[in-house]
Amino acid sequence: MSQTANYSDICILRLSAIGDVCHAVSAVQAIQKAHPNAKITWVMGKIEAMLLADLPGVELVVFDKKQGKQAFEQLKQQFKGRKFDVLLHMQVALRANLVARCIPAKVKVGFDWARAKELHSLFINKRIEAEPQAHVLEGFKGFAQAIGVPDYQPSWTMPVTEQDQTVADELLGAERLASPIFVISPAASKKERNWLPERYAALADHAHSQGFEVVISGGPTELEIELSEQIISYANAPILNLVGKTKLKQLLCVLKRAALVIAPDTGPAHMAVTVGTPVIGLYAHSNPKRTGPYLYQNYVVEVYHQNLLQQTGKTAEQVAWGTRVKGSDLMAQITVEDVTLMFDLVVKKEQLLATKVC
């Protein structure tokens, strides 16, 4: 593919998940700068579109997987008569590969051989450059570079309104906004990736003792509601529970107001990165060098590498990149002491008590 080609109609395919589409936003916005006259269409999932609705200069096309075969037919009809200059196929899952088949494009760019799986190679005719041991965000950067975008530092302009911020601020309250806010986003999509509630509570108490207002955020699932209630029951510090009370854009605004966020391997960790809020990531099952909070990987507390070595006898460099480790109680290996030490380090390094007061 010519690195100097002009593109007038570009399609992005990345359906899910929240963290991954946050990574992809930086690539899409870099593409917009490099190809300012190009029309950009992004095919994504329904929930992800709730976060990215009104993304500047991007036409969002929603693929609702719950509609089954009908979703594919709707996509075909929507693109009938169109022909994109290029499709950037940024997802290797089989469903995404089948979606790619419904998108008419002269060129379909996909992942390199090492990262391609689930028949991905059958649905593309060009590949991005191989990049061993790359973060997910760097993989998306490879797609931008494949259509002539120079190397760039990731940045984000997220689509939130004044009304979204007003709702978030009302939920937080004026008194709380006068102090630095520490947000606990405790729940990942799988229970085994969550830290223990009593340990979150201990960190909440420590944060409050240092002058932070503590907030718990999350969605309305039973797992998240139960976990938040357990944390509050263990804690001595006052905690504002916003679990199930914010839409995605409002949650993004809460994270923007925060001085610091703590989260396991979950979407809100990456949402926080997009609004410049430092994140302490807690990782046991997946490699944080691949999926950790991109701008704050030095703030991760992890036991992934020691468990990978124990289970496989190999280091991350010696196994397939992205290899996960198994176990229902691995997160229990992350101690309160380790996380408190990181908390104090981040607060000092970022000067949070002095500068991030809203």
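Hi everyone, let's start with the second largest pocket: helix 9, residues 222-234, gives the largest share of its lining, four residues. A pocket here is an open set of points on a 1 Å grid over the protein atoms alone, with protein on both sides within 12 Å along at least five of seven lines, and lining residues have an atom within 4 Å of a point. Helices are DSSP runs of H or I, at least four residues, numbered from the N terminus.

Please keep in mind that this is a predicted model, where local features need pLDDT of at least 70 and side-chain atom pairs count only at pLDDT 80 or more, while totals for chains, interfaces and linings use all residues. Residues are numbered from 1 along each chain as its sequence is written, and side-chain values use heavy atoms, leaving out hydrogens and water.

Back to the pocket. Its lining has 14 residues, with K191, N194, W195, P197 and L227 nearest the centre.

Now the cores. The largest nonpolar core has 102 residues, and I10, W42, L88, F182 and L282 touch the most other members. Such a core is a set of buried Ala, Val, Leu, Ile, Met, Phe, Trp, Tyr and Cys residues joined through side-chain atoms within 4.5 Å; buried means under 20% relative accessible area with a 1.4 Å probe, protein chains only. Helix 1, residues 18-34, supplies the largest share, nine residues. A second, separate core of 19 residues includes V43, F84, C102 and A105.

Finally, helix 1 itself: 13 of its 17 residues are buried. At 1.5 Å a residue, those 17 residues should span 24 Å, which agrees with the 25 Å between the end C-alpha atoms; the expected span is 1.5 Å times one less than the number of residues.

Methods. Buried < 20%, exposed > 50% of the residue type's maximum accessible area, 1.4 Å probe, protein only. Helix = DSSP H or I, 4+ residues; strand = E, 2+ residues; numbered from the N terminus. 1 Å grid on protein atoms, 1.4 Å probe; cavity = no way out; pocket = protein on both sides within 12 Å on 5 of 7 lines; lining within 4 Å.
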